[in-house]
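I opened this notebook to look up pockets, cores and annotated positions, in that order.

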Amino acid sequence: MLRYVLSDSGHPTVKMAAPRSWALWSFCGCGWSRAVSGCRLPGLRSSSPRGPLGARLLSQEKEATETHFGFETVSEEEKGGKVYQVFESVAKKYDVMNDMMSLGIHRVWKDLLLWKMRPFPGTQLLDVAGGTGDIAFRFLNYVQAQHQRKQKRQLRAQQNLSWEEIARKYQNEEDSLGGSHVMVCDINKEMLKIGKQKARAQGYKAGLAWILGDAEELPFDDNKFDVYTIAFGIRNVTHIDQALQEAHRVLKPGGRFLCLEFSQVNNPLLSRLYDVYSFQVIPVLGEVIAGDWKSYQYLVESIRQFPSQEEFKEMIEDAGFQKVTYENLTSGIVAIHSGFKLYLR
Amino acid sequence: MATLLRGVLRPLCAFRGGPGPPAGVPFRAVSHGTGLLYPEHIPTSVLQKVLLAAGSAGMALYDPYRHDMVAVLGETTGRRTLKVLRDQMKRDPEGAQILQERPRISLSTLDMGKLRSLPEGSFGCAYLHFLDVNRVSPDTRAPTRFVDDEELAYVIQRYREIHDMLHTLLGMPTNILGEIVVKWFEAVQTGLPMCVLSALFGPIRLSAQSLQLLISELIPWAVENGRRAPCVLNVYYERRWEQPLQALRQELGITEPPLRVEGLA
């Protein structure tokens, strides 16, 4: 039975020293700093291994650099930009639309993800594609509740404290999270903006940081986080295998990978209803509520293009994770995949 | 229920085009590829049109600033009426010319310099004055998306684009009261369900005083003018910039408004 490797509770500033990182903005509760480092620019990174052969490989490369954008076929360079535009335009109404489209059930799914994660005070979480902060806020609530319970238990056990100790407890700036920290990373500025607004409105300050970054090229050092989550984000990534490899890299040995994503429905009747609902109702909802048909058309199509539970499990295993399992929620409309980075690789 | 829906949706398979969805998945609106009748076209099934009509009607009432919802309502409910309008246009010589030449009204197609140089009292000058005073631009009209016929899509686009011309001819500003009056005129003229619904439900948010003015004077005037005037879609406005406004009004049988609406509502 493996356990998470605990980290010392460090101060939540981020040093962008990874050689593959690039210019980015990092926003912490205490201010912001701009970190520029690394010599490689994004976009120069090629998806397929290119030798020094050049022209001879080009015709084969052409087919390899096309991918899907919903049911459209686009080049890989285009896809990133198009996905960015989709989320830029849906950002403001993202939460409202999530509630409307899933009839509020997405909240239960996200709660179940946290429940599966069972973080304890001191956990360092990286939430990728976590733009509007749903997972991050749930994480903070969870560890705060855990920490408070732990404190209560401690106090009950220590019945004979001296007056100095009691006074010290009241004077100390109690870290209500017990050293836990969550880094929210997203490629889209608009989504991060909405997330930060929500954090301010709901009063989340400590233990939270917002980073602009690409899941395929994370701006973090190796072996840094206890848990990596990506909720409803990985299907929008152009190179899913790269995102999985990055996840493996930044996790500490013993760390856990958790992915909450739409998947294939295993019940045939529900599958048909789900299809009708997805393709008939959701774009209409998008048009009426958000004034944007095409983004929601893309969203439902991208769900169909995502690999099945078993295929995705294999992809996670290919990236180096072990003990990979998945759990279907709501008959497979959504699945939580989980994997562990062990010492062996 | 699923089979019933599929029976409804199957005839619309003609709209499929491009890299299709995986096999075994029922039809849904495929909005890429070769199924498009015009650039902005989004093919929709009957169920989607019904949902869109209901949703847009509700949203337009809930948030009156969602003009795009009024447009969507017009597109999804107007199929039969648009056919009637299109046939009316075909029968009239000027209307037929419009259908053939397909003129569009936008800042790029209007010669603003020429319009500005026109004499005071001409239609073009009055139109420009209207745009300036009300701070609107002909480019704010959303393109048609949900009409599944290319010619009808143009007809409704033309109807939207001449809306400002009607404001000018009727002498109505763009406040709520003015818009309702123009909608009544359009409802009588075109019979589009969207116009009728807007005309009937638009006044819900008006004050009692405005409502009283509307019912006692403005609506009867608008209805009377709407009945008297020939189909306004048949007027080639782009050729009539130099025509004096009064002459054009007389030609269409439009009288002066009974009271000034600028300061009201």
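Entry 1, the largest pocket. I looked up its volume first, which comes to about 1200 Å³, where a pocket is an open set of points on a 1 Å grid over the protein atoms alone, at which a 1.4 Å probe fits, with protein on both sides within 12 Å along at least five of seven lines; the points are joined across faces, edges and corners, and the volume is the space filled by probe spheres set on them. The model is predicted, so I note that local features need pLDDT of at least 70 and side-chain atom pairs count only at pLDDT 80 or more, while totals for chains, interfaces and linings use all residues. Residues are numbered from 1 along each chain as its sequence is written, chains are lettered from A and ligands numbered from 1 in the order in which they are written, and side-chain values use heavy atoms, with hydrogens and water left out.

I then listed the lining (residues with an atom within 4 Å of a point) and found 31 residues, with B:P64, B:H67, B:V70, B:E179 and B:K183 nearest the centre of the pocket. Among the elements of chain B that give two or more residues to it are α2 (46-62), α3 (67-77) and α10 (176-190), and the largest share, five residues, comes from α3(B). By class, I recorded 16 nonpolar, eight polar and seven charged residues in this lining.

A core here is a set of buried Ala, Val, Leu, Ile, Met, Phe, Trp, Tyr and Cys residues joined through side-chain atoms within 4.5 Å, buried meaning under 20% relative accessible area with a 1.4 Å probe and protein chains only. In the largest one, which holds 62 residues, B:L169 and B:Y237 touch the most other members, and α10(B) gives the most to this core, with seven residues.

I placed A:T132 in the loop between β5 (124-128) and α5 (134-157) of chain A, where A:T132 is buried at a relative accessible area of 3%. Neighbours within four places in sequence aside, A:T132 has contacts (heavy atoms within 4.5 Å) that include A:Y94, A:D95 and A:K198. A:D186 belongs to strand β6 (residues 181-186) of chain A, and I counted A:D186 as buried because its relative accessibility is 7%.

Note on methods:
Helices (H or I, at least four residues) and strands (E, at least two) are DSSP runs, numbered from the N terminus. Ala, Val, Leu, Ile, Met, Phe, Trp, Tyr, Cys and Pro count as nonpolar, Asp, Glu, Lys and Arg as charged, and the others, Gly among them, as polar. Buried means under 20% relative accessible area, exposed over 50%, partly exposed in between (1.4 Å probe, protein chains only).
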